[in-house]
Amino acid sequence: MITVSDAKIIGLPKIEDPRGNLSFIEQLRQIPFEIRRTYWIYDVPGGKDRGSHAYKENEEFIVALSGSFDVELDDGLQKKVFSLNRSYNGLFVPKGLWRTMKNFSTNSLALVLASTMFDENDYIRDYQAFIAWKTNDEENTCIQPFHPKDMCASSEHIRQFEKENKIPNVFDCSLCQLSKEHHPEGNLTYIYPNINIPFDINRVFYSYDIPGGEDRGAHAHKYCHQFIIAASGAFDVALDDGVNKRTIQLNRPFWGLHIPPGIWASEQSFSSGSICLVLASDEYAEDEYIRDYDEFIKYSRELREHIK
């Protein structure tokens with residue numbers, strides 16, 4: 001039977017930088033499941049509780065992107081409380097546990113990665129029904145051991161603009177309004193891969209502790225799609241396709257910017273306390289980055305000539 005002892009805090013990589021720190025999560029590496037749903041909870045009144053339900057199949061990984069809160073887990077026999085208050089730590093919550101998020105500090109921001117799409121039938125929202133289910137469910141027996149997947153870079157990934165014979169353009173970068181679910185206990189915004197955004201989510205990373213007025217980014221990707229959200233605060237995203245330039249401001253946690261491959265992008269003019277959340281189509285691979293602007297201009301020119 002799955003118990004609260006199967007839940008655990010997982011330390012995440014923390015890349016320190018004077019321009020702000022960065023942590024990342026790759027599916028089947030830092031977490032033992034593929035990402036089928038991503039959501040974040042914000043505007044939670046200080047001291048409020050959220051959650052109070054269990055999942056039959058869904059597993060979660062929860063991070064306090066800012067502020068702090070507790071996650072109380074209950075397996076029907078014992079309870080355990082995990083305190084989350086660092087952006088570089090997260091809590092893996094296996095299926096079959098009653099979960100309540102409690103004691104939110106003011107301005108807390110919770111990021112949740114989930115292993116399944118939303119299915120109301122997967123929820124158990126009544127505690128007595130949960131106890132009965134734990135008692136009767138014979139399949140709810142154990143958790144499978146996690147072995148990080150050895151994933152390779154995007155060697156087989158076909159550039160979408162080459163596949164479609166299309167030149168990358170800053171006007172293909174789409175500003176999208178996402179769902180915002182209002183609750184007295186805080187608001188929630190969610191994203192489904194290949195539904196709300198046009199790619200699978202293989203990696204999630206976020207920048208935090210960013211000094212006000214700072215700039216970050218300034219690179220392009222050969223293969224990787226990105227979806228950028230100002231989960232907290234505000235900043236500008238400067239886009240450049242080698243010919244055209246465009247700047248878009250992000251300042252709401254329910255708006256996001258899709259940036260396809262082949263676009264030079266930099267995040268600029270961060271407000272104090274900002275958190276830049278990025279959903280990416282590919283795992284990290286240094287050889288698919290272009291970090292020198294002159295090299296990007298050359299790459300862009302050669303690509304245009306090739307497609308013509």
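1. A cavity, on a 1 Å grid over the protein atoms alone, is a set of points where a 1.4 Å probe fits but cannot get out. Lining residues have an atom within 4 Å of a point. Grid points are joined across faces, edges and corners, and a volume is the space filled by probe spheres set on the points. The largest cavity here has a volume of about 40 Å³. The structure holds 2 cavities of 30 Å³ or more.

2. The basis of these values comes next. This is a predicted model, where local features need pLDDT of at least 70, side-chain atom pairs count only at pLDDT 80 or more, and totals for chains, interfaces and linings use all residues. Residues are numbered from 1 along each chain as its sequence is written, and side-chain values use heavy atoms, with hydrogens and water left out.

3. Which residues line the largest cavity? They are H53, A54, Y55, N58, E59, E60, V93, P94, L97 and R99. Strand β5 (residues 50-55) gives the largest share, 3 residues. Strands are DSSP runs (E, at least two residues), numbered from the N terminus. By class, this lining has 5 nonpolar, 2 polar and 3 charged residues. Ala, Val, Leu, Ile, Met, Phe, Trp, Tyr, Cys and Pro count as nonpolar; Asp, Glu, Lys and Arg count as charged; the others, Gly among them, count as polar.

4. Two residues of that lining, E60 and R99, also pair with each other in a salt bridge, with the closest N and O atoms 2.9 Å apart. The pair links distant parts of the chain: R99 sits in strand β10 (residues 98-102) and E60 in strand β6 (residues 60-66), 39 residues apart. A salt bridge is a side-chain nitrogen of Lys or Arg within 4 Å of a carboxyl oxygen of Asp or Glu. Buried means under 20% relative accessible area, exposed over 50%, and partly exposed in between (1.4 Å probe, protein chains only).

5. How many salt bridges does the whole structure have? The search finds 9. One joins the side chains of E26 and R29, at 2.9 Å from N to O. E26 is buried, with 2% relative accessible area, whereas R29 is partly exposed, with 26%. Another joins E34 and R36, with 2.4 Å between the closest N and O atoms. Here E34 is partly exposed at 32%, and R36 is partly exposed at 34%.

6. The second largest cavity holds about 30 Å³ of space. I167, P168, D241, G262, S300, L303 and R304 line this cavity. The classes are 3 nonpolar, 2 polar and 2 charged.

7. Pockets are open sets of points, with protein on both sides within 12 Å along at least five of seven lines. The largest pocket has a volume of about 560 Å³. Its lining has 32 residues, and L22, F205, R216, H219 and Y289 lie nearest its centre. Elements giving two or more residues to this lining include β3 (21-26), β15 (203-208) and β16 (216-221). The lining divides into 17 nonpolar, 7 polar and 8 charged residues.

8. The second largest pocket has a volume of about 380 Å³. Of its 18 lining residues, R50, H53, Y123, E181 and L188 are the closest to its centre. Strand β5 supplies the largest share, 4 residues. The lining has 9 nonpolar, 3 polar and 6 charged residues.
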